[in-house]
Amino acid sequence: MLNLFDSVVRDILSSQVTTPSNLAVNLYHNEDQILVTTELAGVKKEDLNIEVKHQEVRISGERRVLYNDELKTNHKERESFKFDRRFRLPFAVNPDAVKAKLEHGLLTIELSKAEEAKAQKITLN
């Protein structure tokens with residue numbers, strides 16, 4: 001009876017499991033900067049890559065879930081996976097002024113607007 005119950009519970013729970021093949025990101029901006037956030041629970045800093053080039057950001061890496069080989073697994077929803085997300089920004093940024101931090105599973109990237117992308121005041125003659 002216990003095996004039947006385990007099987008039913010496993011089937012119900014496994015139908016709700018999602019593995020992100022694409023990271024969901026939020027972008028916020030003002031006149032001088034863009035702020036990018038995404039959730040990366042379980043990802044270590046050394047397994048994360050961030051690249052900024054022109055108006056494109058690339059976030060890639062891997063979440064590694066380690067299992068205890070000495071124990072029998074009853075149910076497993078957390079999986080290891082690789083991710084690679086690229087997206088365009090609404091304006092050019094300064095690649096030398098990028099700040100990023102990973103705290104409590106939340107990645108935050110601060111990007112400063114490139115000088116040439118900032119609005120210039122034009123003086124009339």
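Visitor: Which residue in S5 is the bridge partner of Glu56?

Guide: Arg88 in S5 is the bridge partner of Glu56. This is a predicted model, in which local features need pLDDT of at least 70 and side-chain atom pairs count only at pLDDT 80 or more, while totals for chains, interfaces and linings use all residues. Residues are numbered from 1 along each chain as its sequence is written, and side-chain values use heavy atoms, with hydrogens and water left out.

Visitor: Why are S4 and S5 called paired strands?

Guide: Eight bridges join S4 and S5 in the antiparallel sense. Two strands pair if DSSP finds at least two bridges between them, so S4 and S5 qualify. A strand is a DSSP run of E with at least two residues, numbered from the N terminus.

Visitor: How many bridges does S4 share with S3?

Guide: S3 and S4 are joined by six bridges, again antiparallel. One of the partners across them is Arg58 in S4, which faces Glu51.

Visitor: Is His54 buried or exposed, and how do you know?

Guide: The relative accessible area of His54 is 63%. Exposed means over 50%, buried under 20% and partly exposed in between, with a 1.4 Å probe and protein chains only. His54 is therefore exposed.

Visitor: What can be said of His104?

Guide: His104, also not a glycine, has a positive phi of about 55°. His104 lies in the loop between S6 and S7, and with 87% relative accessibility it counts as exposed. S6 and S7 make a hairpin with two residues between them, paired antiparallel over five bridges. Across this pairing, Lys99 stands opposite Glu110 in S7.

Visitor: What is the order of the strands in the open sheet?

Guide: The order is S1-S2-S7-S6, with antiparallel pairing among its four strands. Strand S1 (25–29) and strand S6 (99–103) are the edges, each pairing on one side only. The twist averages 15° from one strand to the next, with axes fitted to C-alpha atoms and angles between N-to-C directions running from 0 to 180 degrees. Inside the sheet, seven bridges join S2 (residues 33–39) to S7 (residues 106–112), and Leu35 has Glu110 as its partner in S7.

Visitor: What makes a group of residues here a nonpolar core?

Guide: Its members are buried Ala, Val, Leu, Ile, Met, Phe, Trp, Tyr and Cys residues joined through side-chain atoms within 4.5 Å. The largest such core has 19 residues, of which Leu40, Leu48, Ile59, Phe83 and Leu111 touch the most other members. S2, S4, strand S5 (81–88) and S7 each give it two or more residues.

Visitor: Which residues does Phe83 contact?

Guide: Leaving aside neighbours within four places in sequence, the contacts of Phe83 include Leu23, Leu40, Val43, Leu48 and Ile59. Contact means heavy atoms within 4.5 Å.

Visitor: Why is Lys113 said to sit over the ring of Phe91?

Guide: The charged end of Lys113 is 4.1 Å from the ring centre. The rule asks for NZ of Lys or CZ of Arg within 6 Å of the centre and within 35 degrees of the ring normal.
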